[in-house]
Amino acid sequence: MNFLNTLDSDLAQLIASAMRFKAGDDLSKPLAGKSVALAFFNPSLRTRASMQVAVYELGGNAVVLEPGGTSWTLEHREGAVMDADKTEHVAEFVRVLERYCVAIGVRTFAALKNWEEERTDPVLNAFAKYASVPIINLESAMHHPCQSVADMMTIREKLGAGRKRVVLTWAWHPKPLPMAVPNSFALAAAQMGHHLIIAHPPGYELDEDLIETARRHSSVEITNDIDAAFDGAEVIYAKSWGAKQFYGDADRDLAERAQYRSQWIVNEDKMSRTDNGIFMHCLPVRRNVIVTDGVIDSQASVVIDEAENRLHVQKAVLAELLRG
Ligand code: CP
């Protein structure tokens, strides 16, 4: 059993388990005497720190590896002739690690070079293919499920149970970013039965198949009007992402998005249109670019609680996968 995206688990059960860990009602140590490998191809603050703490607090030991940094560069393509810069294949990396560790967490971002390839999550799926221990997605090209379950837990804590009016809004950022967070947020919000409104400029559509999947779970509206999207919202979730059509050509994306800088920001005016909405972001966030100081420092902002919930959710994920 793996945790590659939010469809791999019952989110309500995971959140209930995370809440028990947070309240101190679950003091179990399902990882006692066990180790978990955490492979980070990309930088991290929250995911890395919260996974290390989660493994430790469940009685285990975290082994952090940085392929291409403090561990060997990794090839993931099947049948690759490894005569270039890659030193080790994921096949051996995984098979060796599972002799030491009971699960492997992987962070591997999109390179934003080739949409059709990256949307298949090739690196993460290579790990899943070769592993016989659970693989936990710590943010791949397409999904960031640990983040989005923590987001859903935060909405549940702040606003109670039931269907909410949830807005996922694109925001201007000085460079194109991957879509994993908005994809997972959209999917998880729909799985939880929320009414989801996705606001983005024309050309910044999320993956069509993913939206279709979300629509099978709940109602999804898509709009290019950021101001109208905020009307009556109970949750504002801000995130920037790159346009699929410009993968491999960042300069064209930058030229296209330049027109959106002043309008596509979460500020006090927009928040005043909401129904006392909470402000959410996965962090890290660029202040006064994605969101104004006035919003992120206001009572409406729940970003630090959201980050804390990463710890509790990841304990729940680890416990679900590894409780013997
Ligand atoms: N939200 C999130 O995944 O943060 P990090 O990139 O710092 O891990």
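S218 sits in the loop between α8 (208–217) and β9 (220–223); helices (H or I, at least four residues) and strands (E, at least two) are DSSP runs, numbered from the N terminus. This is a predicted model, in which local features need pLDDT of at least 70, side-chain atom pairs count only at pLDDT 80 or more, and totals for chains, interfaces and linings use all residues. Residues are numbered from 1 along each chain as its sequence is written, and side-chain values use heavy atoms, with hydrogens and water left out.

S218 has a relative accessible area of 10%, so S218 is buried (under 20%; exposed is over 50%, partly exposed in between; 1.4 Å probe, protein chains only). Leaving out residues up to four places away in sequence, S218 touches R163, A190, G193, H194 and H195 (heavy atoms within 4.5 Å). A polar atom of the S218 side chain lies 3.4 Å from the backbone oxygen of G193.

Now turn to K239, in strand β10 (residues 235–239). K239 is buried, yet has no salt bridge (a side-chain nitrogen of Lys or Arg within 4 Å of a carboxyl oxygen of Asp or Glu). The nearest side chain of opposite charge is E139, 6.6 Å away. Lys and Arg count as positive, Asp and Glu as negative; His and the chain ends are not counted.

Elsewhere, the structure holds 15 salt bridges. One of them joins R119 and D207 at 2.8 Å, N to O. The two residues are 88 residues apart and link distant parts of the chain. R119 is partly exposed at 23%, whereas D207 is buried at 4%.

Technical notes:
A polar contact is a pair of N or O atoms within 3.5 Å; within protein, one must be able to donate a hydrogen and the other to accept it, and residues adjacent in sequence count only if both atoms are side-chain atoms.
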